[in-house]
Amino acid sequence: MGDFNLALVIVAVVVSVVVLLVSVYLLVNYQHPDDANQAYFPKLVVVLGLTVAVLSILMLPADVANRQACRKAVYNGACSLTLPMKTLWLVVYIVDAVLVFLVIPFAMFYYEGDQDKSVGKRLRTALIWVVASAVVCGLVLGILYGLVGKVDFTVRHLSSSVETFPNSFSGFSSGQPCISSLPRQCAASTASSSSLTTWTMRATFPEYVVALTTIVGSVLFTIFGGVGIACLPLGLIFSFVRRPKAVITRSQYIKEATELGKKARELKKAAEALHQEERSGNKGRKWRKNVKAVEKELLLLEDDMKALEEMYPQGEQAEATWAFTVLGYIGKLIFGVIGLIISIAWVAHIIIYLLIDPPLSSFLNEVFVKLDGVWGLLGTAAFAFFCFYLLIAVIAGEMMLGLKLVFITIHPMKWGGTLMNSFLFNVGLILLCSISVIQFCATAFAYYAQATAAQEIFGHTLQSLRGIKYLYKYNVFQYGFVALAILTLFYYAIFWNLELRELSNLNPTVD
């Protein structure tokens, strides 16, 4: 048993190093050329944020493996060299909250500051904004913790009088579970409803910070995750359907390129007009709305340019480029179909296991248990994959809503073309939603993740906090998640023909 626990500690250290290296790799390959050899502090924050987010997702499978390491022990203290999971959970999520509400906003304010100002002025401006935000957050947390920072556990009060230890146990039965013959409430099965009572205790401040952060993340996760769980696979599949069927002619290419050139000049004029308004100090709500509209039109223009380049590959390797384009769309179809199966499994599991009371089946919980029976870490790996899929769905949902809704700022992630402010925004969103993803997975897979430290934090303390527990008691987030997933599915079904007509001019084909 000790050898197994030592191996678990070694695996945790190795995985942490690998995650750090992968985060650096993503930063190097996704960053925009304009950010090369500069913006080192935002880059450090991005690497740290990605590492913390990925490790937080991996901690739940590690928590399950940590519990399994001691599954044959009579009590937890009988195991040595196990990971202190509850302490690790609190440390990771306090770091998560500090990054989301303090460090990342500071890095974004500094990065987006007026480049004409000195470094000192940009640092001072960013620090003022962050300190003001910290004071407001601290006051809100302190007031809420002082007023309602308590946990109300519903317990059953059982009692029995003290009697001499009996020489024989033959007198005990289901009707007489107590030592005394007098009627006592010493068994939960025979206790009356009046034995139910509320046990109140104050939550620790770190647990309360995690709880409130989880609530904020849960709102975003419900919106973006509910939309993303449907649009992620369907977007890949529809991308295959809308793919260019053949290489266009040169005349068609010139015609389409001319139209895109006109759009580019119009956007340039609009951007210059907005820049003039900014210099004149006219930066009201209308100006910010127009800036977001121009940014989204520019993003769509870039996508149109990429689609045009795919339909008319140029250069000596044109045929090879076209072949890779075709293979890329086939890959999207394959991953889209796989993702659709996973999305359906997720929604079905939520309905079967969480929304129907009592649950019809433990469904995916049983699948993970059986996979563990095949190989020790197979179920844990599948469990981690399902959690990661939810996090990817959140990013997909944010991208889709950002394109459709004007009041949501879009921050695209592009290979070799992602600015640091977009990187910081998406890392902050991932960090904020990662807590909610873990809480959601701990609830959805409660049978598989039972008796873990995550269950103690998210399954007991969080769901018993005053003012918060009703959101979980009535499955508000689960209902919202499923409802948005169904609405997104209807959106793709209803507006599919309309989108095809809009995109017909961007994908001309040769008969």
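Helices (H or I, at least four residues) and strands (E, at least two) are DSSP runs, numbered from the N terminus. By that count, the protein chain has 15 helices and two strands. Before you click on anything: this is a predicted model, where local features need pLDDT of at least 70, side-chain atom pairs count only at pLDDT 80 or more, and totals for chains, interfaces and linings use all residues. Residues are numbered from 1 along each chain as its sequence is written, and side-chain values use heavy atoms, with hydrogens and water left out.

**The whole chain**

Start with everything selected. Buried means under 20% relative accessible area, exposed over 50%, and partly exposed in between (1.4 Å probe, protein chains only). Of the 511 residues in the protein chain, 41% count as buried. Now for contacts, meaning heavy atoms within 4.5 Å: among those in the protein chain with a separation of 6 or more, 80% come from residues 24 or more positions apart.

**Stop one: α6 and α7**

Select residues 250-279 for helix α6 and 285-311 for helix α7. Their axes (lines fitted to C-alpha atoms, for helices over the stretch in contact, with angles running from 0 to 180 degrees between N-to-C directions) are 10 Å apart, at an angle of about 160°. Angles under 35 degrees count as roughly parallel, over 145 as roughly antiparallel, 65 to 115 as roughly perpendicular and the rest as oblique, so α6 and α7 are roughly antiparallel to each other. Their crossing is left-handed, which is the label if the near helix is turned anticlockwise from the far one by less than a right angle (right-handed if clockwise).

Show side chains in the contact: α6 brings residues including Y253, L260, K263 and L267, while α7 brings W287, V294, L298 and D304 among them. For classes, Ala, Val, Leu, Ile, Met, Phe, Trp, Tyr, Cys and Pro count as nonpolar, Asp, Glu, Lys and Arg as charged, and the others, Gly among them, as polar. The contact of α6 with α7 has 14 nonpolar, one polar and six charged residues.

**Stop two: α8 and α14**

Next, pick helix α8, residues 318-355, and helix α14, residues 476-494. The axes of α8 and α14 come within 11 Å and cross at roughly 150°. That makes α8 roughly antiparallel to α14, and the crossing is left-handed. V347, I350, I351, L354 and L355 of α8 make the contact with Q478, Y479, F481, V482 and A485 of α14. By class, it has nine nonpolar, one polar and no charged residues.

While α8 is up, click H349, which sits in that helix. Is H349 buried or exposed? At 0% relative accessibility, H349 counts as buried. Leaving aside neighbours within four places in sequence, H349 is in contact with residues including S362, F363, N365 and F445.

**Stop three: T488 and the cysteines**

Stay on α14 and pick T488, buried with a relative accessible area of 5%. Beyond residues up to four places away in sequence, T488 touches G226, V227, A230, C231 and M400. C231 counts as buried at 6% relative accessibility, whereas C137 is partly exposed at 32%.

**Last stop: I430**

Finish in helix α11, residues 420-444, where I430 has its place. I430 counts as buried, at 17% relative accessibility. Not counting residues up to four places away in sequence, I430 touches L50, A53, L391 and I395.
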